[in-house]
Amino acid sequence: MREASTGLLVELDPASNVTDLLLEQHAKDPVHALYARKGPAGWTDVPVQQFLAQVTALAKGLIAGGIAPGDTVAVMSATRYEWSVVDFAIWFAGGVTVPIYETSSASQIEWILHDSGAGRVFVEDHAKAALVQGVLDESAMLGDRLVAVVRMEDDGAAPNLASLAAAGAGVSDAELERHRSAASLDDVASLVYTSGTTGKPKGCEITHANFALVAKNIVLFLPEILKQPRARTLMFLPLAHVLARAVQVICLSSGATLGHTASAKELLADLAAFRPTFLLVVPRIFEKVYAGAEQKAAAAGKERVFAAAAATAIDYSKALDAAARGTGKGPGRLLRLRQGVFDRLFYPKLRQAFGGQLRHTVSGASPLSSNDAHFFRGAGIPVLEGYGLTETTAPCTANTPARTKVGTVGIPVPGTTIRVADDGEILVKGIGVFKGYHANEAANAEAFVDGFFRTGDLGSLDKDGFLTITGRKKDLLVTAGGKNVAPGPLEEKIREHPLVGQAVVVGDGRPFVSALINLDPEALQHWCTARKVPVMSPAQAAADAAVRASIQGAVDEANLLVSKAESIRSFVILDADFTVESGHLTPSLKLKRAAVVRDFGAHIDRIYG
């Protein structure tokens with residue numbers, strides 16, 4: 001199959017915009033808990049009417065400050081409740097939200113403020129305010145342009161949220177409504193800048209239609225998740241990422257209660273207290289949870305039990321998947337019995353790590369290992385993998401509870417068509433596809449063909465319309481012998497090893513394929529303890545024969561996926577971690593391959609002598 005579509009489930013009034021979704025919720029049930037805020041005493045519900053009152057007060061403050069419909073306003077903050085309030089306040093004032101990752105460098109901040117033309121920046125705290133003000137003071141690019149900096153706090157010196165709301169006290173409801181209703185579905189709601197993995201960030205014009213139509217249709221597309229009584233989720237991905245923003249608007253449209261947390265250290269405790277019914281998770285979280293469970297079992301002397309439980313979960317899920325594909329009858333009696341035993345004795349502990357009430361997880365942002373997907377589904381935590389990009393307002397395909405094939409990213413979401421070009425590139429047309437790149441006609445000319453957005457990803461469609469991602473065009477390696485190698489599947493397989501943090505396959509223009517691998521320090525410590533050997537640093541482990549033999553086993557397993565010409569012949573263990581701060585991961589934890597190859601070029605050269 002070369003093309004698959006899913007019809008639109010609901011349409012919207014062309015004159016409406018994303019703010020109407022909030023007004024609909026208020027009209028439906030003003031005391032419904034739309035959000036929950038974490039405080040010293042735990043989580044406190046925020047009813048729709050309270051959220052709306054905070055939004056309108058800030059919107060009036062923006063109007064009093066001179067914002068005009070279509071003006072851009074930047075937001076630089078970690079994921080938190082105030083992000084949601086400010087986002088909707090900007091929209092109610094008729095503005096366009098410009099997210100900036102809290103981890104952004106001074107040069108990135110400068111470029112986004114310059115390119116977007118933002119005249120105001122909301123920042124998380126005093127530290128971020130000082131950073132942005134420093135950029136403004138020293139920037140030749142921004143010149144003498146006045147940019148107001150507002151802290152997203154209620155206390156301390158002005159300007160802050162409290163002072164901004166107070167300044168708008170004299171703005172009438174009629175004036176607020178004039179601003180709120182100025183935008184239609186076709187107008188830009190947000191300028192979302194790409195993470196810049198392949199160059200200077202480009203501003204993606206995400207419209208009100210993109211957010212609102214995606215939200216309305218996804219709710220009907222995934223009713224088992226979003227239309228259940230007391231549905232609730234905890235958002236811990238950065239709200240500067242379009243996926244998190246889209247999910248936030250989807251939750252608002254469905255009425256699901258949304259909480260926020262930005263602390264990785266407090267995530268497990270927050271999950272236990274908040275008890276979400278569904279979660280948006282990136283693959284690295286699944287990898288860490290799996291590795292942590294395996295390490296705890298080993299420390300308790302239950303390594304064999306964990307291995308048996310994991311194998312059972314994977315076999316059980318694979319049997320379910322075979323039935324979905326029409327190649328099997330589902331789990332047999334003995335497998336169901338084994339899974340039932342572990343479901344009483346072992347899997348509940350794993351589910352408790354997510355709060356104990358989790359019924360579904362949605363994985364996005366980067367590819368998920370099929371092994372991890374099978375393990376968690378077999379353990380009672382169904383994983384629905386989806387696919388999308390900033391340019392598609394995140395989700396353009398997804399598996400559903402009723403239609404799931406592990407290893408695929410699902411079928412097109414409503415109002416979307418997926419086409420696979422002759423060269424294997426995935427093309428997308430639909431309700432989520434952005435308006436275009438801001439002030440970048442050259443990029444726009446390259447981005448579209450026959451009305452479809454060119455994703456740059458490679459994939460295939462099966463007979464049922466399920467999409468499988470096979471790689472990225474720019475990531476394809478061509479060896480000196482002319483062999484094309486897709487690094488993604490090899491890297492995913494190697495990352496399944498508990499010791500591995502990240503793996504980067506290289507070999508473009510080289511005589512053979514090799515890999516750069518780094519170790520997870522915490523996993524390395526557990527590995528050493530379990531084997532009763534002195535704890536090693538990553539540098540020591542890189543030269544340890546037992547560690548190298550273990551990693552070689554992971555490489556050998558990965559090589560089973562490909563031909564001999566595509567196989568990894570050599571690898572090096574790096575004494576370095578890939579993080580957002582090091583510049584090797586995006587804020588959504590995607591690998592910046594070009595940055596790794598650049599920064600570790602000396603290691604690559606040594607591999608090839």
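The following questions and answers concern a predicted model. Local features need pLDDT of at least 70 and side-chain atom pairs count only at pLDDT 80 or more, while totals for chains, interfaces and linings use all residues. Residues are numbered from 1 along each chain as its sequence is written, and side-chain values use heavy atoms, with hydrogens and water left out.

Colleague: At what angle do the axes of helix H12 and helix H13 cross?

Modeller: Helices (H or I, at least four residues) and strands (E, at least two) are DSSP runs, numbered from the N terminus. Axes are lines fitted to C-alpha atoms, for helices over the stretch in contact, and angles run from 0 to 180 degrees between N-to-C directions. The axes of H12 (residues 283–299) and H13 (residues 303–325) come within 7 Å, and they cross at roughly 145°.

Colleague: Which residues of H13 meet H12?

Modeller: Contact means heavy atoms within 4.5 Å. From H12 come Tyr290, Ala293, Glu294, Ala297 and Ala298; their partners in H13 are Glu303, Phe306 and Ala310.

Colleague: Which kind of aromatic pair do tyrosine 290 and phenylalanine 375 form?

Modeller: Rings of Phe, Tyr and Trp (its six-membered ring) pair if their centres lie within 6.5 Å; planes under 30 degrees apart count as stacked, over 60 as edge-to-face and the rest as tilted. For tyrosine 290 and phenylalanine 375 the distance is 4.6 Å centre to centre, with 80° between the planes, so the pair is edge-to-face.

Colleague: How many residues apart in sequence are the parts tied together by phenylalanine 354 and phenylalanine 376?

Modeller: This aromatic pair is 6.3 Å centre to centre, with 85° between the planes. Phenylalanine 354 lies in the loop between helix H15 (347–352) and strand E13 (360–363), whereas phenylalanine 376 is in helix H16, so the parts tied together are 22 residues apart.

Colleague: Is asparagine 399 buried or exposed?

Modeller: Asparagine 399 is in the loop between strand E15 (394–398) and strand E16 (411–412). Buried means under 20% relative accessible area, exposed over 50%, partly exposed in between (1.4 Å probe, protein chains only). Because its relative accessibility is 3%, asparagine 399 counts as buried.
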